[in-house]
Amino acid sequence: MYGTLKKIFAFAGSKEGLLKKSLLFAFLSGLFAALQFAALFIVVEALVSDNRDSRFIWISLGIMAVSLVGRIITTYFSTMEQTETGYCMVAEKRIHIGDRLRYIPMGYFNKNSIGNITAIVTTTLGDVENSAARVLVSVLGGFFNSVALVIVLVVFDWRIGLIAAVGVLLYLAAAELALRKSERLSGVRQHTQESLVESVLEYIQGMGIVKAFGMEKDSTQSIDSAIKASCRDNLKLTKASVPYDALKQVVVRVFSVLLLLASIYFWLNGSLSLAYGVILVIASFMVFNDLENAGNMASLLQMLAASMDTANSIDDTPVMDEKGADVVPASSEIIFDNVDFSYADRKILDHVSFTIPAGTTTAIVGPSGSGKTTMCNLIARFWDVDAGRITVGGKDVRDFKLDSLMKNIGMVFQNVYLFADSIENNIKFGCPDATHEQVVEAAKKACCHEFISALTDGYDTVIGEGGGTLSGGEKQRISIARAILKDAPIIILDEATSSVDPENEEELQRAIAELTHDKTIIMIAHRLKTVRGADQILVLDDSHIVQRGTHAELIQQKGLYADFVSERQEAIGWKLAQ
Ligand SMILES: Nc1ncnc2c1ncn2[C@@H]1O[C@H](COP(=O)(O)OP(=O)(O)OP(=O)(O)O)[C@@H](O)[C@H]1O
């Protein structure tokens, strides 16, 4: 139990002070509650000694009033501090996770980890937010108060105090046993909760495909079994604690009766006055009352510990730029120097070397799955190379801090992702300080100003998550406007394969021309027109650059490039202009 309580303090981070304050108020609240005991003692003693002086009523009422007001005030502050601690410490953690994710290699983000992260940031941290501080304060507060009452009992009568102390110790032992039993099950439950979130995410993301193929019934199977597993593991966890709850109840009841019997016995043999006897019996019940409240809350500790361990596990994932520095590269020349890269056992690049001189355009072509996207992503350090090095302006990309590297690179992906935010904020994404005029200028260059202005709310139009409310061509041009505004010296461009209608195609090409003007460009090219205009073409196949040169040079050679050209011509019925 001690370990778990320590974990909550560590989790509170900079909010530890707030948590301690909340505990202090809870403890004070317990002391004010114990004052009732003094009031009661005065009344009982007056009754027993047949004292009819009305003063004792007023004194006892006064003490009760102080106890009540003190309790209300301290409970109020304790609750406020607990609530603030819960929300603030979890907000801090969520921000921390968000920051850390930026520095984790892209290889970490697969279907499982995305479900996992979603579960951590939503449900797992939600549990911690709602109960961590409350549980800690209730458990520790309840425990302190019952120990304080045991001390009071010892002062009144050491024999009664001793019996109560044994009862408290046995109760704590039973609570500790319950916690140990639930430790493994809490971890399992946590894992099932994550699987449930993963299944829900997958179900929702794949809804389009499910409908298109009429697989509604089959697709719910995995989500159904995840829900059942979650239900089963929650039940298991609750059932595991039932025998220990019963044991705790037995301890409380047996020791309450023992205390009662002992008080009567000591009174009968004359070693305890009637007033003391009555007070001690009442106080004994109070000891167990506080302890029971603390014990009930303690059953949540293991679940919280599992939640906190899961949230902390993101910190165990290695990040990429721990040793990076703020670097301003001398130029935007890019060099691949004997680069090896694999996904697990699958080799994608094998001793690949080439140079992209600053201010030139390099087109990468190759069969699907040959590693074109991977090669581009290595420049932006979505992953790190296994061997060799990639330099930008003569500096190894691993020597840059990620932020300082990304200042030099603008990326336009084939699958554009837009955030559920206004168009203006989506364009400003890489440059939050840009003015509205700069946003409009970029949008004009990217040929999207016209369609944005035609929307009712113009640049303030909020687009759906992923840009769902815009056409493919419109999304693409917004992402180009975003890159134009960023104005980075290197542009990585994954040309859209999906056919765009002729009007959109023309605008898209104009937008790309604006973006790439005077820049160092590396593009995954699918259209003959763009490939032909490149200063250098790299043909990637079977983990190697198998051909390199200009269009004029490569078209003369037999090989993949000539095949690619004739395939494209056939596919779109093109004739190569001479
Ligand atoms: N995160 C990943 N983990 C494991 N394998 C991956 C990952 N990303 C890509 N791959 C695999 O690596 C290979 C190269 O992928 P990549 O996307 O770089 O190829 P590509 O040439 O760009 O393909 P395309 O032209 O179809 O877009 C593919 O076989 C792909 O399945």
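Predicted model: local features only at pLDDT ≥ 70, side-chain atom pairs only at ≥ 80, totals over all residues.
Ser 543 lies in the loop between strands S9 and S10; helices (H or I, at least four residues) and strands (E, at least two) are DSSP runs, numbered from the N terminus. Although not a glycine, Ser 543 has a positive phi of about 70 degrees. Most residues other than glycine have a negative phi. A positive phi, near 55 degrees, is also found at Asn 338, which lies in strand S1 (residues 334-343). Asn 338 counts as partly exposed because 13 C-beta neighbours lie inside 10 Å.

Six strands form an open sheet with mixed pairing in the order S6-S7-S8-S3-S9-S10, where two strands pair if DSSP finds at least two bridges between them. Strands S6 (409-412) and S10 (544-549) stand at the edges with a single partner strand each, so one side of each lacks a neighbour in the sheet. On average, neighbouring strands of this sheet are turned by 20 degrees against each other, direction ignored.

S6 and strand S7 (residues 490-494) run parallel and are joined by four bridges. Within this pairing, Met 411 has Ile 492 as its bridge partner, and Gly 410 stands opposite Ile 491. Helix H10 (residues 372-379) packs on the sheet, touching S3, S6, S7, S8 and S9, and its direction makes about 150 degrees with that of S8. Helix H15 (residues 472-486) touches S6 and S7, at about 175 degrees to the direction of S6. Contact requires C-beta atoms, placed from the backbone, within 7 Å; axes are lines fitted to C-alpha atoms, for helices over the stretch in contact, and angles run from 0 to 180 degrees between N-to-C directions.

S7 also pairs with S8 in the parallel sense, over five bridges, with Met 523 as the partner of Leu 493. Five of the five residues of S7 are buried, so the strand is largely enclosed by the rest of the structure. Ile 490, Ile 492 and Asp 494 cover one side, and Ile 491 and Leu 493 the other.

Key: Residues numbered from 1 in each chain as written. Contact = placed C-beta atoms within 7 Å. Buried ≥ 20, exposed ≤ 12 C-beta atoms within 10 Å, placed from the backbone.
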